[in-house]
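Hi,

Here is the structure I promised to pass on. Have a look through it first, and my notes follow below.

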Amino acid sequence: MSEQTTGTAGVPTASEAPPPTGSAPTDRSGRSGLQRIMSGSVGRNLGLVAALLVLVVVGAVTAPDTFSSVNNILTILRQASIIGVVSIGMTLVIIAGGIDLSVGSVIGLASVVATIAAVQDLADQMHWAVMVLLALLVGLGAGLVNGIVIAYGKVVAFMATLAMLVAARGLAEILAERRTLQVGNRDFIEFLNLDIIGVDILIWIFAIVAALGWVVLNRTTFGRRTVAIGGNREAARLAGINVKRHTMWLYAISGLCAGIAAVMYLGRTTAGTSTHGTLLELDAIASVVVGGTLLIGGRGTITGTVFGVLIFATLSNVFVQNNLNSSVQAVVKGIIIVVAVLLQQRFARPTGRAS
């Protein structure tokens with residue numbers, strides 16, 4: 001028979017005392033297995049699914065004739081697609097402890113550059129892919145500028161991207177001369193309005209970007225380094241990660257997502273204008289935060305962000321279906337954001353930040 005180690009009074013010590021009969025196994029922090037699961041990404045995503053289901057039920061009950069139709073569901077997904085693409089890039093930036101306030105203005109600039117007369121003439125002579133390529137390059141370039149200023153110029157991300165927000169919007173207004181530039185290439189418009197097996201191509205673009213974002217974050221060294229930088233920047237540097245270069249590429253990815261969103265705007269509105277993407281950065285940040293990504297960095301999921309985007313898109317649709325005031329909708333969104341941040345502060349733990 002093995003001996004039992006005892007304390008000074010002959011009683012098993014606290015660290016070695018057997019757990020009470022019938023109690024759930026706990027970890028070193030005293031949490032049970034269920035608590036660990038519910039405080040992890042699975043539990044957070046289950047909460048988001050529950051919130052989305054509640055909104056769906058509310059919509060189905062309050063507008064039974066229209067809300068549950070296939071056309072309306074596709075409308076919700078279509079409305080979520082552009083903000084969803086931007087939110088994927090924003091998720092990676094925020095997980096690394098950064099922020100990007102410029103994505104909305106970059107969308108406006110990219111849409112204008114892609115639709116100026118010289119570019120459209122070139123697209124007519126060659127292929128409409130020229131317009132797509134230029135929009136993506138503008139987004140990528142703006143993101144790289146942000147990343148270089150932040151990583152190598154050591155400017156706070158908030159200020160650097162705020163400067164880009166102002167500059168990109170101003171440049172877009174100059175190039176467009178404060179006018180709306182119509183897209184003249186019909187092939188381009190027809191392609192971005194295609195339905196593939198009954199689903200709008202914009203929804204497919206969102207799905208592809210989300211899938212790629214998930215793979216990058218969860219199945220690549222780049223994703224693991226992103227989480228490590230957000231968890232502890234100095235520790236990541238000491239571990240051999242080139243934090244500056246990695247940060248630069250994170251903002252480049254965010255800018256590229258803004259460029260993709262600009263192309264989607266062109267397909268949906270058939271026009272480029274400096275007003276495209278106005279305040280879109282706030283909706284993207286809200287979706288990311290509601291999706292469970294910590295604003296301080298170190299934790300977040302692409303899946304959670306997708307649910308966050310769908311929650312806000314469904315909420316907006318419920319308000320539209322019931323002819324409710326948009327101002328009330330803004331108030332409800334604000335409440336949801338505050339609750340999400342409070343829950344983050346309640347359940348975030350140091351051990352969870354690096355997960």
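Helices (H or I, at least four residues) and strands (E, at least two) are taken as DSSP runs and numbered from the N terminus. Please keep in mind that this is a predicted model.

With that numbering, L279 sits in the loop between strand 4 (271–272) and helix 13 (280–290). L279 has a positive phi of about 65 degrees, although it is not a glycine. At 51% relative accessibility, L279 counts as exposed, because the cut-off is over 50%. I197 also has a positive phi without being a glycine, near 45 degrees. You will find I197 in the loop between strand 2 (195–196) and strand 3 (199–200), and its 73% relative accessibility makes I197 exposed too.

Now to the inside. The largest nonpolar core holds 87 residues, and V86, M90, I107, M131, F188 and L280 have the most contacts inside it. Helix 3 (residues 70–95) gives the most to this core, with twelve residues. Leaving out residues up to four places away in sequence, I107 touches V86, A258, A261, A262, Y265, H276, G277 and L280.

Helix 3 is mostly covered, with 19 of its 26 residues buried. Helix 3 also bends by about 40 degrees at S81. Its end C-alpha atoms are 35 Å apart, which agrees with the 38 Å that 26 residues should span at 1.5 Å a residue. Just after helix 3, G97 takes a positive phi of about 90 degrees.

As for aromatics, a search of the whole structure finds two pairs, and ring pairs link W128, F188 and F191 into a cluster.

Best wishes

Methods
Residues numbered from 1 in each chain as written. Predicted model: local features only at pLDDT ≥ 70, side-chain atom pairs only at ≥ 80, totals over all residues. Heavy atoms only, no water. Core = buried A, V, L, I, M, F, W, Y, C linked by side-chain atoms within 4.5 Å. Buried < 20%, exposed > 50% of the residue type's maximum accessible area, 1.4 Å probe, protein only. Contact = heavy atoms within 4.5 Å. Expected span 1.5 Å × (residues − 1). Bend = angle between axes of the 7 residues up to and from the residue. Phe/Tyr/Trp six-rings, centres within 6.5 Å; stacked < 30°, edge-to-face > 60°.
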